[in-house]
Structures are given as structure tokens and as C-alpha cells.
Amino acid sequence: SPLFHKFLKEALNKVPKDKCVTVRDALNQAMDEELERDERVFLLGEEVAQYDGAYKVSRGLWKKYGDKRIIDTPISEMGFAGIAVGAAMAGLRPICEFMTFNFSMQAIDQVINSAAKTCYMSAGLQAVPIVFRGPNGASAGVAAQHSQCFAAWYAHCPGLKVVSPWNSEDAKGLLKSSIRDDNPVVFLENELLYGVPFEMSEEAQSKDFTIPIGKAKVERAGSHITLVSHSRYVGHCLDAAAVLAKEGIECEVINLRTIRPMDVESIEASVMKTNHLVTVEGGWPQFGVGAEICARIMEGSAFNYLDSPVTRVTGVDIPMPYAKILEDHSLPQIKDIIFSVKKTLNV
Amino acid sequence: VRKLLSIVFKGAAAVVSARTYADFTNEATFEIKKCDTFKLDEGPATQVVMTRDEGLQYYRTMQTMRRMELKADQLYKQKIIRGFCHLYDGQEACAVGIEAAINLSDHLITAYRAHGYTYTRGGTVKKIMAELTGRRGGIAKGKGGSMHMYCKHFYGGNGIVGAQVPLGAGVALACKYQGNSELCVCLYGDGAANQGQIFETYNMAALWKLPVIFICENNGYGMGTSVERAAASTDYFKRGEFIPGVRVDGMDVLCVREASRFAADYCRSGKGPILMELQTYRYHGHSMSDPGVSYRTREEIQEVRSKSDPISMLKDRMLSNNMASVEELKEIDVEVRKEIEDAAQFATTDPEPPLEDLCNHIFHNNPPLEVRGTNPWSKLKSVS
């Protein structure tokens, strides 16, 4: 009957329309929306305009916004990063892309000494609202000079916020927050995640969807052990958790989302529940994200709840090799996480 | 007769006759050195007009900068100023000449020899000196020190040699982007001129026609290394290769002003960047920890002081053109001395920043956050 059809139509319209969006498209949407929202926002970097982005993250933006807002730079990281910082000091809101964060080393003085420290040195007179973004960490077969993870390097420095999204929602919500933040943000993407589709809720698809910087997310609740990770390895942790669940081990998986400031409270709350902690990252072990988590847990209220020392799962402490078999064994695999969980639980 | 009288009574304690301002020449034309140019069909004018008011203002400003730097020298030797202190005395004509040619709405950035520019850009002597002594009344509340002073449209004060040059081009990009006809004056020294990031910046500034005036303050020495020992080409005004350049007598405030006007016109007409080399000299060593005589002779310093001092040159010009009296200039000296003394008094008595301020100003527009102190039980507070 027509009344029933009307009722059905209304009911269906109320059902949330989740969509599958790749991380690449989520980043693209975030930039598109922020460029539209605020005319002071602009993007500069190598190949971001006419090439549509080295990894196609900025696809379509130059066509839509033109030369003034989407700027192709020469291969001059130190120069264009400094130019971006100067533009931020003078009132614009630049997004400075590093083709990969490996190349940011050429410009790291501008990120740290010109961007991060200026608000403090000027006693708050001079703000630097800038986002440095680009792929970070290992890719596939790109070897040692193109595979380093810079999370620990940047997260070491006061004055910076360091963000590391995992899925599409993270990518979009956190990039929008980063662009709206009045301070320097280092936004660490992952090349291997660009093409991966994730479900995005209708809420996440809206133009005003932001995720707060500095807050972790519990991706999976569990009671036996806490796994903390960031970026790509959140996925590995969830996969490991699925396997372990079949053996009756329930893992709580925390997605850090932000490296600095780190949401230690969320980790502590989880550890107080599970009594065991494993950190998982792609970066090298020494002086890394996992090392920091260990130190913070020891210094805080959750220490007394640990039934065993914290375990770190990290990349192997070597420059990244090229051959596939070697590369595969240079980074945490799901079996490494499973092994570490069982060792930590002593099962 | 008046000229004779003024020479006779020079240095006299009492003013013999009160002279009204009507007695003085209101403006005069001066011949200044012709600038070498690079990739330019014409250069700055060689005949310039200076009014009495302008002359008095330049004199007062340069004298204030000179006295301020000398007071800083004194305070440093008394260990009331600590850390790095890079003094600008000798180079006053550069800062004053540049500022005379631009507007306060324009932008300026320089390296660490920045006290003079902080002043010409609008900082007060009081706040500059209190920053040097690390007090809460300092221009950066004691957080920055000698090398990190900021005020409106003045972006420091930068400690990393050469890093300010891309920053300056970025400020210029913002000017062009916002379409406000403002420009950025971007200064660096002869030492910094060999930095790679400067060449990266030349390229992008020229490519994108950014309204930036690059200015190399060539004082002959990068720390203790003379220009001949550091640069394969010491024609710094030509180092921009595809950017037109002008080489200017940096000891003559009128030369600097005229060249800066020329450069500002060039920039504002949308032609892109231009490069100025100011040939100048610093009396002090590189910083207060450098006596400045191991790599150059005392005779050289003395010769510049006696033959090319920017303040003396201006004073002679004004007196010989009847634009001011000796007494009048002496009066300015007395006023300047008092201003510096008052500022030094403030800078030595103002309290240090409160410890509560330690962790503040890390971020802008941010909710308060907790900062780890030196040990895990020390939880400090940071507000924007």
C-alpha cells in the first residue's frame, strides 16, 4: 500500500549511509573542504599541483583552486619549508607537503627552529599556524633512504604537535583539525595506507567533521592485554587480535592517533584494566614511541597494575633493506605481535 | 658670518645667541655615491634631498641605536647581560636608511644582529634592554633574549644563519597572496650569503615574483672570516644571478635610503625581487665574546671610525649645510643618553620573569596543558 511504501522510504532515509573511502580520498576531502572554508589555507610542495600529487593525494585541487592556492615548488625543501613558515608568520595557513618525510631532513631546521620554537621565543607574539604533511615510514621496496619513520624525531620537540592517523576517518578528521590548529603540526601519513578503503560514517563525511588532536581511540575493547599502536600497525594489531580471540585472548587495541601530545591517560586506563601492555610501531626501537610509552607508564599510576614488563614490538634496528624477504622481516608482522602478546601474558 | 660664528662657538658651554629655527636651512641637496648595478638599466639617484626634520630624525635614531649598543656592551661586561650579544654599532645607517624608505606596514626580517632593527621597527629601548637582561618587561617577556625579539611586522631576530631568508620570502608570498602592496625586507650577512637555502630562496622568489628586497649587510667579516676567505665571489649584489642587484655605501644613511626607495619601487611595481648589498662595518667583534682584533687590525677599525662613521658623516653634512646647530645636536645627545640611562635602569631593576611563566606560550590559542618538569612529580602548567 502507498502508506507502507511511504513509511518504508522514511525509515530507509533514517538509516546511516556509511561509505567506503580510501585514506587518499579522505585526505583529499579534508584539504578540499578546508581550502574552501578558509581562503588563507593553501598547499605547497613538489608535484602537488599539475601532477595531482606524487601520490595523488591532492588530485583535482589545482584544477579547482588554481595557481594561487596550490603551488608546485622546485626541489628545494629547506627553501620552500622556510617560505611556508614565513607565510604562516605573516597570516596565511599553509599546508607544506614533503614528498616523503625522509626529505624533511633537508628542512628540519625550519620545522624545529623556525616553526616549533617561535611562539615560545616570542612569548606568544608570533604564532605559526602551519601543517607539514606527507608519507612517513616504510613503503614497499623503496630501501633505506626512503623508509625512515620520523615520529620519534618530531615528537621529541616541544612546540610541535605530531599526528599519525590510521584509517580514513582519522585521516580526514585529524587533517582538518591540524589545518584549523593555530600551531605547527607534523602530520605523518603512510603511503601503504593511501589506497586502503575504510568505512566512513555519515557523520565523518560531513564538512565539519573533526577529530581532536591529542586523544587516542579504543578501536577494539578487550580485557586480557592492551595493544597500543599508531598508523599502519593499528591494522596489524586488529588482525592479531582477531587471531588471538580464537584462542580466547581478548586484546584491547588502542589507536594513538596523536603522538604528541600523547594520550597517556587512555593507555593507563586500559592497562589498569588489562594489566598487560604491548606497544607496536614501525619505527626503530631505540628512543622511539614505544620507549616513551614504557617510560610514561612507569612514571604513572598504571605501573602498579602491570603484571609483567611492557613489551615493545618495533621495526628491526637496521637501515631498511631492499630484497622483499629482507624487507618483510625488517618490520613487525602479525605473527610478531601474536608472539609478543603470548610472551607478555606468559602463555 | 653665521657659519663662522657656529665654528667659533662650537663646544662653548653657553649659547651666545638664541637661534630660531628660521635660521636653519630647511632642506638641502646632497651628492651621494653612485651605486654599482647588476642587471639594471638605471640605478638609484645620486642627487638626493634631505630636510632638516629628516636629518634630525635620522641623527636621533642612529645616536639612540649607537648608545643603546654601547650600553649593552657595558652591561654585558658587568655580566648583567649573558649568552650571545651581537652588537650593531657602526652599521646604524643601514637600519635607519632602510626604515626611512619603507612603511611600518611593510615587513622586515633579519638575523641575530637585530637590536637596531627591533628599534627601528617600533620596539622601545626600554623593552629591548629588558629583554637583553632577561626581565619580565622585555619585549619577549625574557623568553627570547638578544636574538629573538619580535614586534609588529618584524619577524626577529633569528639565530640560525640564513634561515631567515626563506622566512622573509614567505612573508613576501603572504603579501602577494593577500594583494596588499606590502613588501618584505629580508636581511642577511656576508657570512650567510654562502648558505644554500638562500639560493633556493632566490630561485623561488624570482620564479614567483615575490615582493622581497634581499639585503646583504656586508660588514667584511663572517664572524672571524673575512669575505675574501669565505667567498669565491665577493660581489654579493651579483650573487642573485637572475635577480637585479645594487651595491650601496652602507655607511651613508642617504645612500641607503635612496637605494632602498629604488628597491621598494621596483618591488611594488610587481617586477619581483631585487638584491641590495650594503657595504658597512661593525666596530665590535662578531659578538661580545669576540674582541674582534685577531682577524683584523685596530688600525682598520680606527680608520673606519674616523673616516666613515655614519653618525659623524650625517652630523658634518647637517652642520656644513646649516641644517642644525652644534648645540641642538648636543641636546639630542643629552636626551638620548637620558633615554638609554632610564632604559638601563629599568632593565637592571625590573624583576625576572615569574617561574609560573616557565612553560607558557608553547602554543597559541590552545587550552591549558600539563608539562613535565625535571622529574615525574613535577607537573607544570602551560597556558597560551
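**Reading helices, cores and cysteines**

Mentor: This is a predicted model. In H8(A), the buried residues are Ser168(A), Glu169(A), Asp170(A), Ala171(A), Lys172(A), Gly173(A), Leu174(A), Leu175(A), Lys176(A), Ser177(A), Ser178(A) and Ile179(A).

Trainee: How far apart should the ends of H8(A) be, at 1.5 Å a residue?

Mentor: The 13 residues of H8(A), residues 168–180, should span 18 Å, and the end C-alpha atoms are 18 Å apart, which agrees.

Trainee: And which residue caps the N-terminal end of H8(A)?

Mentor: Asn167(A) does, with a side-chain oxygen 3.3 Å from the backbone nitrogen of Glu169(A).

Trainee: Let me try a helix in the other chain. How do I read H7(B)?

Mentor: Begin with the general idea: an α-helix has 3.6 residues a turn, so residues three or four places apart point the same way. In H7(B), the buried residues are Gln197(B), Ile198(B), Thr201(B), Tyr202(B), Met204(B) and Ala205(B).

Trainee: Which elements do the buried residues of H7(B) pack against?

Mentor: They meet both chains. From chain A there are helix H4 (77–89) and helix H5 (108–116). From chain B there are helix H6 (164–178) and strands E5 (184–189), E6 (212–218) and E10 (274–279).

Trainee: What is the length of H7(B), and what follows it?

Mentor: H7(B) covers residues 196–207, 12 residues in total, and reaches 17 Å from its first C-alpha to its last, close to the 16 Å expected. Lys209(B) follows H7(B), and its phi is positive, near 50°.

Trainee: Can we zoom in on one residue of that helix?

Mentor: Take Gln197(B), found in helix H7 of chain B. Its relative accessibility is 2%, so Gln197(B) counts as buried. The side chain of Gln197(B) makes a polar contact with the side chain of Gln195(B), at 2.7 Å. Setting aside residues up to four places away in sequence, Gln197(B) touches Met78(A) and Gln110(A) in chain A, along with Val161(B), Gly162(B), Ala163(B) and Pro166(B).

Trainee: How would I read Thr120(B) in that way?

Mentor: Start with its place: Thr120(B) is in helix H4 of chain B, residues 115–120. Thr120(B) counts as buried because its relative accessibility is 12%, below the 20% cut-off. The Thr120(B) side chain reaches the backbone oxygen of Tyr117(B) at 3.2 Å. Beyond neighbours within four places in sequence, Thr120(B) is in contact with Thr61(B), Met65(B), Ala95(B), Val96(B), Glu99(B) and Leu104(B).

Trainee: Is Ile139(B), in its loop, buried or exposed?

Mentor: Ile139(B) sits in the loop between helix H5 (125–132) and H6 of chain B. At 10% relative accessibility, Ile139(B) counts as buried. Outside four places in sequence, Ile139(B) touches several residues, including Leu125(A), Thr118(B), Met149(B) and Cys151(B).

Trainee: Which residues touch the most other members of the largest nonpolar core?

Mentor: That core has 80 residues, and Phe132(A), Tyr188(B) and Phe214(B) touch the most other members. Apart from it lies another core, of 72 residues, among them Ile32(B), Ala93(B), Val185(B) and Leu314(B).

Trainee: What does Phe132(A) touch?

Mentor: Leaving out residues up to four places away in sequence, its contacts include Ala81(A), Val85(A), Cys96(A), Phe98(A), Val111(A) and Phe187(A).

Trainee: Which residues does the UniProt domain annotation cover in chain B?

Mentor: The unreviewed UniProt entry annotates residues 60–355 of chain B as "domain: Dehydrogenase E1 component". Over that span the chain is 47% helix and 10% strand, with end C-alpha atoms 38 Å apart. For chain A, an unreviewed UniProt entry gives "domain: Transketolase-like pyrimidine-binding" for residues 21–196. The end C-alpha atoms of residues 21–196 of chain A lie 8 Å apart, and the span is 36% helix and 16% strand.

Notes: Residues are numbered from 1 along each chain as its sequence is written. Chains are lettered from A and ligands numbered from 1 in the order in which they are written. This is a predicted model: local features need pLDDT of at least 70, side-chain atom pairs count only at pLDDT 80 or more; totals for chains, interfaces and linings use all residues. Side-chain values use heavy atoms; hydrogens and water are left out. Helices (H or I, at least four residues) and strands (E, at least two) are DSSP runs, numbered from the N terminus. Buried means under 20% relative accessible area, exposed over 50%, partly exposed in between (1.4 Å probe, protein chains only). A polar contact is a pair of N or O atoms within 3.5 Å; within protein, one must be able to donate a hydrogen and the other to accept it, and residues adjacent in sequence count only if both atoms are side-chain atoms. Contact means heavy atoms within 4.5 Å. UniProt positions are given in the numbering used here, feature names are shortened, and annotations may be inferred rather than shown by experiment. A nonpolar core is a set of buried Ala, Val, Leu, Ile, Met, Phe, Trp, Tyr and Cys residues joined through side-chain atoms within 4.5 Å. The expected span of a helix is 1.5 Å times one less than its number of residues.
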